[in-house]
Amino acid sequence: MSTKTPQADGHSTVITYDNHLMTEPAASPPRHMIQAPFTKRAWSELGHALVSFPLTVAALVFIVPMLENGAFWAASTAGVRKLGAAARALARARLGEDIPDPPPLRQVHLVKVASPDAAAIVGFAQAVAAAGGKTRSWESSPGVTTRWLPLPRVAELAAEAGIPATCVRPRNELANWFGSRILDPVAWRARGYFALKLPLGAISLAVIASCWLGGVFLLTFPAWRTLGLGFTSLAGSFTFIPLGVVLLLAAPWVTHGLTEADLWLMRGLLGPGSSAARIRVLEQSRARVVDDSAARLRGIERDLHDGTQAQLVALAMKLQGDGGADLARVTQLVEDAHRGALEAIADLRTLARGIHPPVLDNGLADALTTLANRSAVPVELVTDIPERPSAAIETIAYFSAAELLANVAKHSGARHATLEAVHVPGLLRIRVTDDGVGGARPVPNGGLRGLAERVRTVDGRIEVVSPQGGPTTVTVELPSHA
């Protein structure tokens, strides 16, 4: 049975339970606050705070002695990069935060260019800067040392500036090896991250001790008093219970705020970093999606050629028939042709549905309702989409939900799932939760990793929280317009 009840904000919340529609008000903020300390997300953030702090201490024990001189900087670059990768892997495993990897080590390409013509050197330095390189002027004689541009490109720019090729001299391989590692921006950002993470991690431990442990201790203070561990009377010990409740309810929210600050640092210091590097990551992600789209088009072409086209050819041959055929033979040919035409139409509909689901014509909410009703696992659907996002975003959201519900049915062993779709100004959030066995992880060439790459093409993000034993929560956040 289906009903619809408007809420105070003018929108309705539709819920599907056991694949039947009904209406139910969303959880109130007080209830959400009371449930917060007992959610898997809160415990995942608590575990990340506890595990990441020893990693930070170990990283600084390695980094600080290596700051002695440039040789140590170069020698420690590979290790610092691995420590940054370990921090990203920990965030991915504990928090489901898939932070893109930074670009690989870039060769510095140190090249010396000398010329008695100061004007030529100035013009050459400007050309190098325009080409994406950097220069350092010499103090003793007119000349510069270039960085980040390969030797052929430097020689080309020098020739354009009127500097002879004999004045262009590359540094030796050892100098380039040291220069690439000493100037590696990824390693320096990782060093900065761990330096900032230490006080943030110390604050997180203080919050765990004061709010989590302190809240539990004060909440159970009368029991400790009966064991003789209190400093007040038994009746007075009950006055500490409200303070324990407040601390315990505040603990997950403070921990969440500190975790978000940590993730903000990780995205800025352990990810691609600069806008140029971020653009390269987006270009790589878009290139993978283009390849995926090309493969999908080839699959559609193959299905049309081997399936629908073959059926239509057979249909034409059947209809051609034989002029001397009797009535029974003609009747059989018409029946076979009708059956073949229906099969071809069904195949064409399947192909069209794979390109653009027709259920999206009436909006994402109706499409998700149909998707939930067809699920093999009972699905509870919660939607709040007062304004439709762009067509491309709706399509990505629909296929994301379809992929996640298919994973629930195939891999989770769940008996119940929840699908939420909420659209606020500028953001569309799709969340699928199930009560299965958990342990879902984005792995190379896996469905979740492919979904993350497709979502990232529109600058969206995916978050996976799936501890062993469950439950699993996968959240996809997309911009309202691509």
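Guide: Arg88 is buried, with a relative accessible area of 8%; buried means under 20% relative accessible area, exposed means over 50%, and partly exposed is in between, with a 1.4 Å probe and protein chains only. This is a predicted model, in which local features need pLDDT of at least 70 and side-chain atom pairs count only at pLDDT 80 or more, whereas totals for chains, interfaces and linings use all residues. Residues are numbered from 1 along each chain as its sequence is written, and side-chain values use heavy atoms, with hydrogens and water left out.

Visitor: Where is the place of Arg88, and which residues does Arg88 touch?

Guide: Arg88 sits in helix α3; helices (H or I, at least four residues) and strands (E, at least two) are DSSP runs, numbered from the N terminus. Residues up to four places away in sequence are not counted, and Arg88 then touches Glu97, Ile99, Pro100, Asp101, Pro102, Met266 and Leu270; contact means heavy atoms within 4.5 Å. The Arg88 side chain also reaches the backbone oxygen of Leu270, at 3.0 Å. Such a polar contact is a pair of N or O atoms within 3.5 Å; within protein, one must be able to donate a hydrogen and the other to accept it, and residues adjacent in sequence count only if both atoms are side-chain atoms.

Visitor: How does one describe two packed helices?

Guide: The description uses the angle between their axes and the distance between the axes. Here, the axes of α3 (residues 70-95) and α6 (residues 173-182) come within 8 Å and cross at roughly 75°. Axes are lines fitted to C-alpha atoms, for helices over the stretch in contact, and angles run from 0 to 180 degrees between N-to-C directions.

Visitor: Which residues of α3 and α6 make the contact?

Guide: From α3 come Gly70, Ala71, Trp73, Ala74 and Thr77, and from α6 come Trp177, Phe178, Arg181 and Ile182. By class, the contact has 6 nonpolar, 2 polar and 1 charged residues; Ala, Val, Leu, Ile, Met, Phe, Trp, Tyr, Cys and Pro count as nonpolar, Asp, Glu, Lys and Arg as charged, and the others, Gly among them, as polar. The residues buried in α6 are Ala175, Asn176, Gly179, Ser180 and Arg181, and the buried residues of α6 pack against α3.

Visitor: Which residue caps the N-terminal end of α6?

Guide: Asn172 does, with a side-chain oxygen 3.2 Å from the backbone nitrogen of Leu174.

Visitor: How far from Trp148 is Lys134?

Guide: They are 14 residues apart along the chain, and their C-alpha atoms are separated by 6.9 Å. Lys134 belongs to strand β4 (residues 134-137). With neighbours within four places in sequence set aside, Lys134 is in contact with Val128, Thr145, Thr146, Arg147 and Trp148.

Visitor: How many residues does the largest nonpolar core have?

Guide: The largest nonpolar core has 34 residues, and those with the most contacts inside it are Leu364, Leu368, Leu419, Ile430, Ile462, Val476 and Leu478. A nonpolar core is a set of buried Ala, Val, Leu, Ile, Met, Phe, Trp, Tyr and Cys residues joined through side-chain atoms within 4.5 Å. Among the elements that give two or more residues to this core are α13 (364-373), α14 (391-412) and β11 (472-479). The largest share, 8 residues, comes from α14. A second, separate core of 28 residues includes Ala49, Phe194, Val207 and Leu265.

Visitor: What can be said of the chain as a whole?

Guide: The chain has 15 helices and 11 strands. Of its 482 residues, 39% count as buried. Among contacts between residues at least 6 apart in sequence, 71% join residues at least 24 apart.
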